[in-house]
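Here is a short briefing on one protein chain. Look over the sequence and the structure before reading the points.

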Amino acid sequence: MTATLVDKYRPSLLSDIRGQEAAVSYLSAFLKAPTSTAFMFEGGSGSGKTSAAKALARELGVNLDDEGFGGFYEIPSGEQTAATVRDLVGSLKHWPMTGSGWRVAVVNEADCTTDGAAHVWLDALESLPPRCLVVFTTNNLSAIPTRMRDRCEVVSFESGYLILKDAADAFITEVWQRETGGSETPRLDDLAGVVEDGEVSFRRILQKL
């Protein structure tokens, strides 16, 4: 089965992420002396939050290809209930069978957390096991309970058109030339539907291309 452009150009390392210099710099500094903690990645859809979380795990030596056995866990959007969080927190206490020993949990769309799940997180985030990282992602930081947000290091991802236009145009040119070899490269403004409410999505760029 042929990979989609979204899969083909998904960032593998932090250095592959486009237009997020501040976030990448912050996370790269964290990697120099990593400690157990929780991050809250906030920003618009398609800005690279989940890709950054997986890149961070990969650079910590987590084996993303070995599911839970490699130390990587993920709660999909809309599945964050008290029961799923309890199961995840329990898994984080066990040493992975492969990888570096780090465990990384990615919780997508954390603003959809149920009240029960939020209460479980409040206790769990107070005493994470050694070599353990939890990354929440959200498009709506204000919807996260304040007490839960206060237990995380918030990292913002840019999505504004004026901020990302140059990075987006450079990315479009690179992908277009690699895939077609053509010289008539489109620009961000040529791709209808990619910019919504003044925000750029790199996922939508690849889908449109």
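The points below go from the whole chain to single residues.

This is a predicted model, in which local features need pLDDT of at least 70, side-chain atom pairs count only at pLDDT 80 or more, and totals for chains, interfaces and linings use all residues. Residues are numbered from 1 along each chain as its sequence is written, and side-chain values use heavy atoms, with hydrogens and water left out.

**Whole chain**

- The chain has eight helices and seven strands; helices (H or I, at least four residues) and strands (E, at least two) are DSSP runs, numbered from the N terminus.
- The chain is as compact as a globular protein of its length, because its radius of gyration is 18 Å, close to the 17 Å that the globule rule gives for 209 residues. The radius is taken over C-alpha atoms, and the rule is 2.2 Å times the number of residues to the power 0.38.
- Along its principal axes, the C-alpha trace spans about 55 × 35 × 35 Å.
- Of the 209 residues, 44% are buried; buried means under 20% relative accessible area, exposed over 50%, and partly exposed in between (1.4 Å probe, protein chains only).
- Among contacts between residues at least 6 apart in sequence, 74% join residues at least 24 apart; contact means heavy atoms within 4.5 Å.

**Nonpolar cores**

- A nonpolar core is a set of buried Ala, Val, Leu, Ile, Met, Phe, Trp, Tyr and Cys residues joined through side-chain atoms within 4.5 Å.
- The largest nonpolar core has 26 residues, of which Leu 88, Trp 121, Leu 125, Val 134 and Phe 136 touch the most other members.
- At least two residues of this core come from each of β1, β2 (72-75), α4 (82-91), β3 (103-107), α5 (115-124) and β4 (132-138). Helix α5 gives the most, with six residues.
- Another core, of 24 residues, lies apart from this one and includes Ala 23, Ala 52, Trp 102 and Leu 133.

**Helix α3**

- The buried residues of helix α3 (residues 49-59) are Lys 49, Ser 51, Ala 52, Ala 53, Ala 55, Leu 56 and Ala 57.
- These buried residues pack against α2 (21-32), β1, β2, β3, β4 and β5 (153-157).
- Gly 61, which has a positive phi near 90°, follows α3.

**Glu 42**

- Glu 42 lies in strand β1 (residues 37-43).
- Glu 42 is buried but has no salt bridge, and the nearest side chain of opposite charge, Lys 49, is 7.9 Å away. A salt bridge is a side-chain nitrogen of Lys or Arg within 4 Å of a carboxyl oxygen of Asp or Glu; Lys and Arg count as positive, Asp and Glu as negative, and His and the chain ends are not counted.
- The side chains of Glu 42 and Ser 156 are joined by a polar contact of 2.5 Å. Such a contact is a pair of N or O atoms within 3.5 Å; within protein, one must be able to donate a hydrogen and the other to accept it, and residues adjacent in sequence count only if both atoms are side-chain atoms.

**Loop residues**

- Thr 98 sits in the loop between α4 and β3 and is partly exposed, at 27% relative accessibility.
- The side chain of Thr 98 makes a polar contact of 2.9 Å with the side chain of Asp 66.
- Asp 197, in the loop between β6 (195-196) and β7 (199-200), is exposed, with a relative accessible area of 83%.
- Phi of Asp 197 is near 55°, a positive value in a residue other than glycine.
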